[in-house]
Amino acid sequence: MSKTLFFVLLLSACYFLIPSSSAINTIGVNYGTVADNLPPPSKVATFLKSQTIIDRIKIFDTNPDILRAFSGTGIAITVTVGNGDIPSLSKLPAAKTWVSTNILPFHPKTLINRIAVGNEILATSDKNLIAHTLPAMEALYQALTLANITTVQVSTPHSLGILSASEPPSSGQFRRGYDKTIFVPILDFLRRTKSPFLVNPYPFFGIDPTRPESLNYALFKPNDGVFDKVSGFNYTNMFDAQMDAVYSAMEKVGYEDVELVVAETGWPSAGDPNQSGASLENAVSYNGNLIKHVNSGKGTPLMPNRTFQTYIFSLFNENLKPTRSEQNYGLFKPDLLPVYDIGVFREQQALGPSASPGPSSEPSSSPGPSSEPSSSKKWCVPKTSASDKALQANIDYVCSSGIDCGSIRNGGPCFKPDTVRSHAAYAMNAYYQANGRHDLDCDFDHTGLVTYADPSYETCTYPYAATAEAPAAASDAAAPVGVPATPTAAAPAGAPTARKSETGGSFKPTTSVLVDHVLLPCYFILMVFYFLF
C-alpha cells in the first residue's frame, strides 16, 4: 500500500470519528404579512440572521422592503407571483418587465433563489389560471436567462389536492385529466431547468377525530403505523406517507427524479372551538419533530437517505387572518418573542416553549425580582394535559426535597387559588429555578413545560433564579390542597434527578470538544504515520 493511499484512509477514518450530532440543523419559514402589528422587515432580517438557524424564507409577494432588508444576510428568499398576475406573465415582454422590476434591483445582494408562480393554482379550479401557469413559468425562466441570471429557479406550489389517491402511499396518483395534460409538462419543465416540485403537506388536516390514533401518527409520536401492502412498508408518521404519495404520483408519470421541496407545512398553536388537534403542545410536537426528521437524512420509505428543504408555515402569528387557527400558525409573536421554541434559536439563545397554563390566564409582564431581560427568563409550569394525580406527586416530591413551599401554604401569598394545579405550578417552578433552570429539571415525567411568560399574578411572585434557593421554611400552618405537611415523599417516576449532560442523553459536542478530542489526536496520528511510513 502506498504512503499516499494509507494517508487518505487514515484521514477518512478521522472524518467518521466526528459525531453526527455536531451537524447543524437548518429550516426555512414562510414569512406572511397578513397582520397590522408586525415589526419592520429590517428588524426581522437582523433577528433571523443573528439569533436563529433559519436560513431561508418564502414570501407571498415581491415586497421591496423585505427584499432590501435581507440584502447581505445570506438568507435565501423565494418570492411569489400573485395568482392574478399569472395570465399576463405568460408573455415574454411582461415577464421581462416583471424580472426587471422585482429581481434585478435586488439580486444578487439579496439572495433570491426561487420564484413561486402563484400558490396552489389547481385548488382554485380557475381554468384560465391553470392554463397559463406553465406558460408563465416558461416566460419567467426565459426572462431570467436573457438577464444572465442562472441561479434563480422557477416553480409553482401545490396542495395535496392534486392527488386523486394517497392512501396507501404507493397508490398516489395525480387527478385524472391533470396527470398528462398539466403535470407531465410541468414536471418536464422542472427536470429541464433543474427546479424542484413544490408541495404543501399538512398532516394537521389529515387527523381524524373519530380515530384518536391519527393524532400521534400526524405528530411523529409513537403509534402502530399504517401498513402499505403494495410496498411492504409500515408508515409511522403521516408526513412520510404524504410525501411518498406525491412521489408515487410522480413515479407513475415517469418523473420521480425531480427534486421535492416542502414549500409549506405547519400546525396551529390555537384553534377555533371544537377544532380537533389545534394546541400549543401539538404545534411544539409537530414542528419540533419535523425539523429533526427533515434534517436527519433518513428520508422516507420510498425516498430513503434524503433531506427535504422545508419551509414551516409560518414565521409570525398573523392577526388579520380570518379564523383563529389561521392566526396562530406562527413560531413568533409580533414582538419577536417565540410562541414556542422548537430549536430554531442558535444554541446560546435557546428558550423553552411558551405557554401560560399556570394559575393566571393573564401572566404578569412585570420584570420580577431579577434584572435580567424578561425575554431571556424562563419558568416551569404544568402542561395543560397533566392530571391532578401527577401534579400532586410533583408537589410531594418538590416540597420534601428542601424547596421552600411556604408560599403555597395557608396564608402564603400564592395559597390562592387553592387548587392542585396552581400549587404545582409554583412548586415545579421553584424546583426548576433552584436547580439551575435546566430543561430536564422541568420534565417531571412529561408533565412540565418551560415558558418565557412570567406566571406571577397579583401578590404571588414566582421564584426566578437565586430567589428560589432560600432554605425551606418551617410552617405550623395546616397544609392546603396538595401541599405535604412533612417532607417524606419519594421522587415520582420521571422526576428530574440528573442533567442530560451528566447522563449523556443529549450531549452535543462543542467545537472545543471536537478539536481537543477528535481533530488534534487525528492530526497527530496522521503526521506520525506519514513521516514513519
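**Close-up views of the predicted model**

**View 1. Cys-414 and Cys-460 are joined by a disulfide in this predicted model.** Cys-414 counts as buried because its relative accessibility is 2%, which is below the 20% limit for that class. Cys-460 is buried as well, with a relative accessible area of 1%. The sulfur atoms of Cys-414 and Cys-460 lie 1.9 Å apart. The torsion about this S-S bond is 100°, and the link is right-handed. The pair connects distant parts of the chain, 46 residues apart. Cys-414 belongs to the loop between α12 (388-399) and α13, whereas Cys-460 belongs to the loop between β15 and α14 (500-503).

**View 2. A disulfide links Cys-380 with Cys-442.** The S to S distance is 2.0 Å. The torsion about the S-S bond of Cys-380 and Cys-442 is about 85°, so this disulfide is right-handed. Cys-380 and Cys-442 are both buried.

**View 3. Cys-399 and Cys-405 form a disulfide.** Their sulfur atoms are 2.0 Å apart. A value of -95° about the S-S bond makes the link of Cys-399 and Cys-405 left-handed. Cys-399 and Cys-405 are each buried. A search of the whole structure gives three disulfides.

**View 4. Nine parallel strands make up an open sheet.** The strand order is β5-β4-β3-β2-β1-β13-β12-β9-β6. β5 (153-155) and β6 (157-159) are the edge strands; each has a single partner strand, so one side of each has no neighbour in the sheet. On average, neighbouring strands of the sheet are turned by 25° against each other, direction ignored.

View 5. Ile-27 has Ile-54 of β2 as its bridge partner.

**View 6. Ile-57 lies in the largest nonpolar core.** This core has 99 residues, and Ile-57, Phe-70, Ile-115 and Phe-197 are those with the most contacts inside it. Beyond its neighbours within four places in sequence, Ile-57 is in contact with Val-29, Tyr-31, Leu-48, Ile-66, Phe-70, Ile-75, Ala-76, Ile-77, Thr-78 and Tyr-311. Another core, of 28 residues, lies apart from the largest one and includes Ala-424, Ala-427, Val-450 and Tyr-457. In soluble globular proteins, nonpolar side chains tend to be buried together.

**View 7. Residues 15-23 and residues 467-479 have pLDDT under 50.** Over residues 15-23 the model has 12 contacts beyond four places in sequence. Over residues 467-479 it has 20 contacts beyond four places in sequence. Where pLDDT is low, the predicted coordinates should not be read in detail. The average pLDDT of the protein is 82, and 77% of the residues score at least 70.

Key: Residues numbered from 1 in each chain as written. Predicted model: local features only at pLDDT ≥ 70, side-chain atom pairs only at ≥ 80, totals over all residues. Heavy atoms only, no water. Core = buried A, V, L, I, M, F, W, Y, C linked by side-chain atoms within 4.5 Å. Buried < 20%, exposed > 50% of the residue type's maximum accessible area, 1.4 Å probe, protein only. Contact = heavy atoms within 4.5 Å. Disulfide = S-S within 2.5 Å. Helix = DSSP H or I, 4+ residues; strand = E, 2+ residues; numbered from the N terminus. Pairing = 2+ DSSP bridges. Axes fitted to C-alpha atoms, helices over the stretch in contact; angles between N-to-C directions. pLDDT = per-residue confidence, 0-100.
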